[in-house]
Amino acid sequence: MKPLLVIDGDSLAHRAYHALPKSIRRADGRHPAGAIVGFANMLLRLWEAEAPRAVLVGWDTLSAPTYRNEAFEGYQGGREFDDDLLEQLDLLPELVAALGFANAKGAGYEADDFLAAAVAFEEARGGETLVATSDRDAFQLASPRTTILQPVRGVSELARIGPAEVRERYGVDPEQVPDFIALRGDPSDRLPGATGVGPKKAADVLREHRTLEDALAAGRFSKEAEDLRLYRRIAALDASAPLPPLEDQNPTWAEASAFVRGWGMGQLSERLAGLASS
């Protein structure tokens with residue numbers, strides 16, 4: 001069976017935006033295009049290299065809070081995005097749809113939640129999933145049937161992360177990753193973690209107790225117990241996020257070529273036209 005390819009759209013768009021020159025513009029010279037070009041290049045490389053049966057791209061909804069924001073006031077605090085990036089993030093789901101691929105986006109959910117839901121869907125039907133993201137929270141999804149594709153150099157090189165690589169990097173199993181994040185903390189999401197606990201100690205605790213809840217039952221971190229439970233809930237991905245249909249897809253290269261030409265993106269249009277004629 002061909003794998004399902006699931007992409008964290010915001011993660012790869014952010015990476016593309018910061019990896020490519022800000023001088024890349026559309027034909028009118030006014031509108032930014034670097035994130036669109038970089039994201040499209042990554043998506044096309046993934047399609048050509050992995051030959052998936054279908055593609056789903058998950059997106060954050062930046063205009064609406066999730067339960068994580070409501071449960072923990074400081075969650076992802078201080079994040080600010082350039083206007084040029086926000087403009088392109090609004091357009092990218094349209095590009096994905098023009099290519100014949102699926103989008104998942106909804107108030108109350110993050111892109112990661114749609115990745116988790118897609119993995120659960122594909123594993124339940126006996127399939128395999130490739131998850132492209134630079135967010136290490138997704139390491140909790142690694143399994144014998146699910147591999148994380150993590151960009152390690154701009155948007156051009158990928159590391160393949162399975163359960164063995166998660167254990168090598170973190171010292172814990174994939175299913176322990178939310179407990180590990182709760183204990184260690186996560187600076188990118190502004191989760192403080194347990195007082196005085198870094199990656200090594202967090203892994204040691206989970207080797208001894210297996211889960212955060214077991215560690216708390218054994219009397220560890222008693223003064224921080226409720227905070228740590230909250231951090232774990234925030235770190236765990238929500239596999240109940242709603243998904244669009246995920247039947248096998250045939251890319252619509254010609255339609256996408258015409259679509260991006262209308263945006264004034266001639267080189268990308270020509271590349272898509274080449275795929276349509278091959």
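## Basis of the description

The model is predicted, with local features requiring pLDDT of at least 70 and side-chain atom pairs counted only at pLDDT 80 or more, while totals for chains, interfaces and linings use all residues. Residues are numbered from 1 along each chain as its sequence is written, and side-chain values use heavy atoms, with hydrogens and water left out.

## Helices α2 and α12

Helix α2 (residues 34–50) and helix α12 (residues 266–277) have axes that come within 11 Å and cross at roughly 15°. α2 is therefore roughly parallel to α12 (angles under 35 degrees count as roughly parallel, over 145 as roughly antiparallel, 65 to 115 as roughly perpendicular and the rest as oblique). Axes here are lines fitted to C-alpha atoms, for helices over the stretch in contact, and angles run from 0 to 180 degrees between N-to-C directions. Helices (H or I, at least four residues) are DSSP runs numbered from the N terminus.

The crossing of α2 and α12 is left-handed (the near helix is turned anticlockwise from the far one by less than a right angle; clockwise would be right-handed). On the α2 side the contact (heavy atoms within 4.5 Å) involves Ile36, Ala40, Asn41, Leu44, Arg45 and Glu48, and on the α12 side Leu268, Arg271, Leu272 and Leu275. These contact residues comprise six nonpolar, one polar and three charged (Ala, Val, Leu, Ile, Met, Phe, Trp, Tyr, Cys and Pro count as nonpolar, Asp, Glu, Lys and Arg as charged, and the others, Gly among them, as polar).

## The second largest pocket

The second largest pocket holds about 190 Å³ of space. A pocket is, on a 1 Å grid over the protein atoms alone, an open set of points with protein on both sides within 12 Å along at least five of seven lines, and lining residues have an atom within 4 Å of a point. Grid points are joined across faces, edges and corners, and a volume is the space filled by probe spheres set on the points.

The lining consists of Ile24, Arg25, Ala33, Val37, Asn41, Gly264, Met265, Gly266, Gln267, Leu268 and Arg271. Helices α2 and α12 each supply at least two of the lining residues, and α12 gives the most, with four. By class, the pocket lining has five nonpolar, four polar and two charged residues. Asn41 of α2, together with Leu268 and Arg271 of α12, belongs both to the helix contact and to the pocket lining.

## Helices α1 and α4

Helix α1 (residues 9–19) packs against helix α4 (residues 83–98) at an angle of about 140°, and their axes are 11 Å apart. α1 is therefore oblique to α4, and the crossing is right-handed. Asp10, Ala13, His14 and Tyr17 of α1 meet Asp84, Leu85, Gln88, Leu89 and Leu92 of α4. Five of these contact residues are nonpolar, two polar and two charged.

## Cavities

Two cavities of 30 Å³ or more are found in the whole structure, a cavity being a set of points where a 1.4 Å probe fits but cannot get out. The largest cavity has a volume of about 70 Å³. It is lined by 13 residues, of which Tyr75, Asp137, Asp189, Ile234 and Ala235 are the closest to its centre. Its lining has six nonpolar, no polar and seven charged residues.

The second largest cavity contains about 40 Å³ of space. Its lining is formed by Tyr17, Pro21, Lys22, Ile24, Arg25, Pro32, Gly34, Asp84 and Gln88, which divide into four nonpolar, two polar and three charged. Tyr17, Asp84 and Gln88 also take part in the contact of α1 with α4.

## Helices α7 and α8

Helix α7 (residues 177–184) and helix α8 (residues 199–209) pack at about 130°, with their axes 9 Å apart. These two helices are therefore oblique to each other, and their crossing is right-handed. The contact joins Asp179, Phe180, Leu183 and Arg184 of α7 to Pro199, Ala202, Ala203, Val205 and Leu206 of α8. Seven of the contact residues are nonpolar, none polar and two charged.
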